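Here is a friendly walk through this model, from its sheet to the helices around it. Have the viewer open as you read.

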Amino acid sequence: MSVGLVLVSHSAKLAEGLAEVAAQMAPDVTIVPAGGLPDGGIGTDYDEVVAAVQRADSGSGVVLLYDLGSAQMTAELAVESLPEANTAVVADAPFVEGTVAAAVAAQGGADRAAVLAAAAAAGGQPELEAHPATSAPEADRLDVVLANEVGLHARPAAVLARSLSGFEADVSVLLGDKEADAHSVLALMSLGARKGDRIEVRARGPEAAQALAKVKELVAQNFGDPA
């Protein structure tokens, strides 16, 4: 069972669209949109949010994310009314980036506290930085060319980050003069790596070689996408 997510928005279409995007990166996570008013208008509905939390909870808890201030109030009221106060928590996080980060963390088996932390951390700048040509000489390295259609965007980035979470290794991906933490979906997406780009993967740690072998396998399989 994974932590569930509820997306509280003033717009039903916005909540549903974001849930659809997040589900591409976290297919095993229950993501329930709770947007708009019962008559289809713009706003948030307390009863719908409560019902959404109940649907999203599989036993591991629920994290709620919201788009604007009044949606936060609705989400907090819904959580406060639950029979068990520790069932759900409202994240202070950007709606889109926080949802993506939380979904990937939940897909990877993180507990509620870790999913909440992942959402909150998405509010900062992606872990993307320039690197000198001589950096990390001690790291194991792998050069690969991306053949999948969308490169390291959205679902492929999530697949890579999830797949590396089980290895005892620090892994980074380099494109040009930029370097991203391979465990961060948002950082990987910020690289802008596209089909045909050559990337360098660096790994340090006891399982560095195994991590690089996994990356090589995923690239060869186009991250499960058609080439």
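## The sheet

S1 and S2 run parallel and are joined by five bridges. The model is predicted, and its open sheet has four strands in the order S2-S1-S3-S4, with parallel pairing. Strands S2 (31-35) and S4 (88-90) stand at the edges with a single partner strand each, so one side of each has no neighbour in the sheet. From one strand to the next, the twist averages 20°.

## Helices on the sheet

Helix H4 lies across S1, S2 and strand S3 (62-66), and runs at about 170° to S1. Helix H5 (residues 112-121) also packs on the sheet, where it touches S1, S3 and S4. The direction of H5 makes about 20° with that of S3.

## Where H1 meets H4

The axes of H1 (residues 12-25) and H4 (residues 95-107) come within 9 Å and cross at roughly 35°; the crossing is right-handed. H1 brings Leu14, Leu18, Ala22 and Met25 to this contact, and the H4 residues they meet include Phe95, Val100 and Val104. By class, the contact has nine nonpolar, two polar and no charged residues.

The protein chain has a mean pLDDT of 89, with 93% of its residues at 70 or more. Confidence is highest in strand S1 (residues 4-9), at a mean of 98, and lowest in strand S5 (residues 128-130), at 53. Over residues 132-137 the pLDDT is below 50. Where pLDDT is low, predicted coordinates should not be read in detail.

Technical notes
Residues are numbered from 1 along each chain as its sequence is written. This is a predicted model: local features need pLDDT of at least 70, side-chain atom pairs count only at pLDDT 80 or more; totals for chains, interfaces and linings use all residues. Side-chain values use heavy atoms; hydrogens and water are left out. Axes are lines fitted to C-alpha atoms, for helices over the stretch in contact, and angles run from 0 to 180 degrees between N-to-C directions. Helices (H or I, at least four residues) and strands (E, at least two) are DSSP runs, numbered from the N terminus. A crossing is left-handed if the near helix is turned anticlockwise from the far one by less than a right angle, and right-handed if clockwise. Contact means heavy atoms within 4.5 Å. Ala, Val, Leu, Ile, Met, Phe, Trp, Tyr, Cys and Pro count as nonpolar, Asp, Glu, Lys and Arg as charged, and the others, Gly among them, as polar. pLDDT is the predictor's confidence in each residue, from 0 to 100. Two strands pair if DSSP finds at least two bridges between them.
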